[in-house]
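Trainee: I am new to this structure and would like to learn how to read it. Please show it to me first.

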Amino acid sequence: MADRDLAIRVEHLSKRFRIPLDRSATLKHRMTHWRSASRYRTLEALLDVNFEVRAGEFLGIIGHNGSGKSTLLKILSRIYRPDAGVVAIEGKVSPFLELGVGFNPELTARENIFLSGSILGLNRPELHHLFDEIIGFAGLEQFVDHKLKNFSSGMEVRLAFSLAIQAHAEILLMDEVLAVGDAAFQEKCFDIFNRYKREGRTVVLVTHGLGAVTTYCDRALLLDHGRLVADGDAADVTSQYRRAIGMAADGSRPNAEIERWGARDVVVTGIRMLDERGVEDVNPATGGFVRIELGYRIQNDAIADFTCVLWLMRGDGLMVSEATFPVSQYAQVGESQRGAGGTIRFDIPQLSLLEGTYSVDVEIQGRRDQAPYDHLKNAVHFRAIDRRARRGVIEPGGVWSVVPDEQPPTWPDRFDPRA
Amino acid sequence: MSAGADAQLPGAASQLDSFRHYRHLTVELAISQFKLRYTGSVLGYFWSLLKPAMIFAIMYFIFVDLFKINDGTKFYGMQVLLGIVVWTFFSECTGSAMQAIASNGGLIRKAYFPRSILVIAASLSALFTFVINLLIVFVIAVGLHQIDISLRIIIVLPLLLELYLLALGISLFLSALFVQFHDVSHLWEVLMQLLFYGSGVMFSLTYVLQRLHLALEVGSKTPQTPHLLWIVQIMAANPIMQTIEDLRHALLTPEAPWTELVVTGHLAAVHQYAALDVPWEAPLPFLAVLMVVIFGALTFRVRARSFAENL
């Protein structure tokens, strides 16, 4: 490669998948349908993609589900072969895309470290040397010889993570590593990202968390149906993506104008939606932490008692929920004065909305008469993203179980299907 | 623009590096597969000994006690036990290695390494069990004074290598096809049944000759059933038959001369019958192994490119 600074060079990269129309994996089917054996649908997963990544660069790849971002990552890691084009890589690439690759639930933590560590490119002496550090960082000293199947998912993720950060690749490829784990874990991830940045390692990150992209990535690529549609500054590309997904075709008018009315005795000075790190994110993940923050200022000395009401609205106009907060009872305004103000926070520890477009309406109103001081309709638009693509409206947080029971529920006689 | 251009052009040093790493990964995978094979069972590893022993007991009862199969060879029970241990290895190795790719879809879709490592690891784990079983059979045989210990034991090593290569070649072929066609597992089951009888696990080549009455007497020029000659010829070309016979020959036939052991051990019995003097048959099993390995490796190489997409 002529340019020594270049870590990855991709030219005219194309990849297509052939999806058989009727999936039948038996020899008999092949034999009896040999004439139609070539009937398949071709999916252009990547189409003439060109880009370069400099050594030490932090690159984010974003795009909707099925846009080809994971396929691209798999080609970079040599898991998939490209159909056409050139992929040139300078430096040692991490051979894994996710945490805990090769973990086996039937093996102990110790055995899994040696097995999964080998896949990550570490050899036995190295793993022996790093063993205590890996276990210590994961905080699993007491569970070294416990089988992985007895670990909680949090413990497993911690183990996977502390192992993964030991891989000494110059170019790291990561597919949705942030999607697993709780806020504390994500915090750890970001610490490591910062360390990688300092060390000048090249990182290619595929994620739905646009906040992470704007915070950590120098540059971002936006893919749409296998085409590279944007390549540039991370903030520009993410906002382009936000605009693009805002126009989802589910019958909603997601980008409807803000409508505002009220007496303006108290005004909303601004509103934003944040993720757990306080980074603005209008694509929260189902189950993730969401904070809606709004600023207010009192414009009228006579106002002593006021309430904030927040409505979550679905894209089609259905009210999902209403939440009321008597601000003046909690705010340290005391004798309310003109010009006093503050920030009201509405924290949702685990967003229960499944994938879809939503908006937030807010109103500050008089506590007694409920007179609207400042009403903002469509104050925030957001799209909940459910990584598991479940159907329905909400994630109820239900827990399944089955127990032996001497008195199981029975039908009333008139409903008994046997009657 | 080269279509499907390769990602890296590593130097010699890094190639050696990755070779070392992949060797390490293979061993690591083989160890965990060996551990995993017997998890959840009370007797654990003991099963790998118990299974051939129990099969041996059944087979011995049916074939020897009931059907009176016995070619009059010395140490006949030992011959059968040796055959069963070899057969158990062959069947477990191909059986588990066939699934090695399909059952590791998660790994293949999420990490890069040469795919053959998974098959090699599965076969190594079976080989490890085999070698231990063989050692135990050896100890039993010594204890019962049913073995002739001499320098010729070293012949066992190339025979094991040959057997392993055969099993590996077949495993590569089967595992590559199994990804898209699960039919091969059923087909292979049937073929294994055929191979079991075609490999002389329970009997020697001599016994087949005796039963077919190909010659009534040693040295006779007129075989009684010449039209069945092909059965013996095919069996003599079968590498599993050859390895089992040669192992028996090396370990259990003290009177056999060295030349016979090295070159045409498994044909020794055939050669006793003048009508069946077919020296050109001697290299056939080795050629068969070579072809199986080459064909298996090539098939695997071609199909491995799309494993990640097809799983």
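Trainee: How many helices and strands does chain A have?

Mentor: Helices (H or I, at least four residues) and strands (E, at least two) are DSSP runs, numbered from the N terminus. Chain A has 9 helices and 16 strands. This is a predicted model, where local features need pLDDT of at least 70, side-chain atom pairs count only at pLDDT 80 or more, and totals for chains, interfaces and linings use all residues. Residues are numbered from 1 along each chain as its sequence is written, while chains are lettered from A and ligands numbered from 1 in the order in which they are written.

Trainee: What percentage of the residues in chain A is buried?

Mentor: A residue is buried if 20 or more other C-beta atoms, placed from the backbone, lie within 10 Å of its own. Of the 419 residues in chain A, 37% are buried.

Trainee: Which residues have the most contacts inside the largest nonpolar core?

Mentor: In soluble globular proteins, nonpolar side chains tend to be buried together. A nonpolar core is a set of buried Ala, Val, Leu, Ile, Met, Phe, Trp, Tyr and Cys residues joined through C-beta atoms within 7 Å. Here the largest has 138 residues, and L59(A), L76(A), L173(A), V204(A), V86(B) and I101(B) have the most contacts inside it. Another core, of 30 residues, lies apart from it and includes C308(A) and I344(A).

Trainee: How many residues of chain B are in contact with chain A?

Mentor: Contact means that C-beta atoms, placed from the backbone, lie within 7 Å. On chain B 28 residues are in contact with 35 residues of chain A. α1(B) gives the most to that side of chain B, with 7 residues.

Conventions
Buried ≥ 20, exposed ≤ 12 C-beta atoms within 10 Å, placed from the backbone. Contact = placed C-beta atoms within 7 Å.
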